[in-house]
Amino acid sequence: MHLLYEAEIEIVILCKQTVYIFGCKDSVLQIKGKVNNITVDKCTKMGVVFTDVFAACEIVNCNSVEVQCQGTAPTISVDNSAGCQLYLSKDSLEPSITTAKSSEINVLVPGPDNDMVEHALPQQYIHSFKDGQFLTTPVSHSGG
């Protein structure tokens with residue numbers, strides 16, 4: 001299924017297949033039911049809400065995208081994107097999140113009082129050569 005929209009539209013999809021969203025702007029897409037894969041490509045100011053995905057949810061070449069998982073997702077990947085907000089439910093707290101060439105990635109998870117707690121994913125790393133191999137650690141910024 002291929003979608004291309006540029007407006008404030010809400011769409012509900014009921015399917016068990018792959019969903020490919022391309023070039024959407026100022027839109028909200030709600031995907032109900034279990035799907036194999038979701039790809040959000042070249043979208044701007046886009047919101048995606050989905051229930052369950054079997055394989056992965058991929059965000060590629062996007063700006064200012066919000067993605068909310070209400071069920072489960074084993075893998076979430078963000079590639080060449082900026083300003084991505086990922087909202088995870090209690091059932092989706094164990095995905096593998098991969099980022100590449102991306103900035104301003106925040107993950108929001110339910111806290112102790114069910115209030116959402118925001119975690120920023122690092123976009124800068126320090127690579128140091130020790131004992132014959134490179135060690136990579138995220139840069140930590142202190143407000144001192």
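Tutor: Before we start, a contact here means that heavy atoms lie within 4.5 Å. Keep in mind that this is a predicted model.

Student: Leaving aside its neighbours within four places in sequence, with which residues is Ser92 in contact?

Tutor: Happy to begin there. Ser92 sits in the loop between strand 8 (82-88) and strand 9 (96-100). Once neighbours within four places in sequence are set aside, the contacts of Ser92 are Cys69, Gly71, Thr72 and Ala73.

Student: What share of the contacts in the chain with a separation of 6 or more comes from residues 24 or more positions apart?

Tutor: For this one, take the contacts with a separation of 6 or more as the reference set. Within that set, the share from residues 24 or more positions apart is 4%.

Student: What percentage of the accessible surface of the chain belongs to carbon and sulfur atoms?

Tutor: Of the 144 residues in the chain, 38% count as buried. The accessible surface comes to about 8,600 Å². The part of that surface belonging to carbon and sulfur atoms is 49%.

Student: Which residues of the largest nonpolar core touch the most other members?

Tutor: This core has 28 residues. Strand 3 (18-22), strand 4 (25-41), strand 5, strand 6 (63-69), strand 7 (75-79), strand 8 and strand 10 each supply at least two of its residues. Strand 5 gives the most, with six residues. The core members that touch the most others are Ile21, Ile38, Phe50 and Ile59.

Student: Leaving aside its neighbours within four places in sequence, with which residues is Ile38 in contact?

Tutor: Ile38 is one of the core residues that touch the most other members. Apart from neighbours within four places in sequence, its contacts are Val19, Ile21, Ile31, Phe50, Val53, Ala56, Cys57 and Glu58.

Student: How far away is the cysteine sulfur nearest to that of Cys57?

Tutor: A disulfide needs two cysteine sulfur atoms within 2.5 Å, and the structure holds zero disulfides. Cys57 is in none, and the nearest cysteine sulfur is that of Cys69. Cys57 is buried at 0% relative accessibility, and Cys69 is buried at 2%. The distance to the sulfur of Cys69 is 7.9 Å.

Student: Why is the pair of Tyr20 and Phe22 described as it is, and what is the word for it?

Tutor: Two aromatic pairs turn up in a search of the whole structure. The ring centres of Tyr20 and Phe22 are 6.2 Å apart and the planes meet at 10°. Tyr20 is partly exposed at 26% relative accessible area, and Phe22 is partly exposed at 33%. Planes under 30 degrees apart meet the cut-off, so the pair is stacked.

Student: What kind of aromatic pair do Phe129 and Phe134 form?

Tutor: Phe129 counts as exposed at 53% relative accessibility, and Phe134 counts as exposed at 57%. Their rings lie 5.0 Å centre to centre, with 65° between the planes. An angle over 60 degrees puts a pair in the edge-to-face class, so the arrangement of Phe129 and Phe134 is edge-to-face.

Student: In strand 13, which residue is the bridge partner of His127?

Tutor: Strand 12 (residues 125-130) and strand 13 (residues 133-138) pair in the antiparallel sense over six bridges. The two strands form a hairpin with two residues between them, and Asp131 in the turn has a positive phi of about 50°. On strand 13, His127 has as its bridge partner Thr136.

Student: What value is phi of Asn114 near?

Tutor: Most residues other than glycine have a negative phi. Lys45, in strand 5 (residues 44-60), has a positive phi near 50° and is exposed at 53% relative accessible area. Asn114 is found in the loop between strand 10 (103-110) and strand 11 (116-120), where it is partly exposed at 47%. Phi of Asn114 is also positive, near 65°.

Methods: Residues are numbered from 1 along each chain as its sequence is written. This is a predicted model: local features need pLDDT of at least 70, side-chain atom pairs count only at pLDDT 80 or more; totals for chains, interfaces and linings use all residues. Side-chain values use heavy atoms; hydrogens and water are left out. Helices (H or I, at least four residues) and strands (E, at least two) are DSSP runs, numbered from the N terminus. Buried means under 20% relative accessible area, exposed over 50%, partly exposed in between (1.4 Å probe, protein chains only). Accessible areas come from the Shrake-Rupley method with a 1.4 Å probe; for residues, only the protein chains shown count as cover. Rings of Phe, Tyr and Trp (its six-membered ring) pair if their centres lie within 6.5 Å; planes under 30 degrees apart count as stacked, over 60 as edge-to-face and the rest as tilted. Two strands pair if DSSP finds at least two bridges between them. A nonpolar core is a set of buried Ala, Val, Leu, Ile, Met, Phe, Trp, Tyr and Cys residues joined through side-chain atoms within 4.5 Å.
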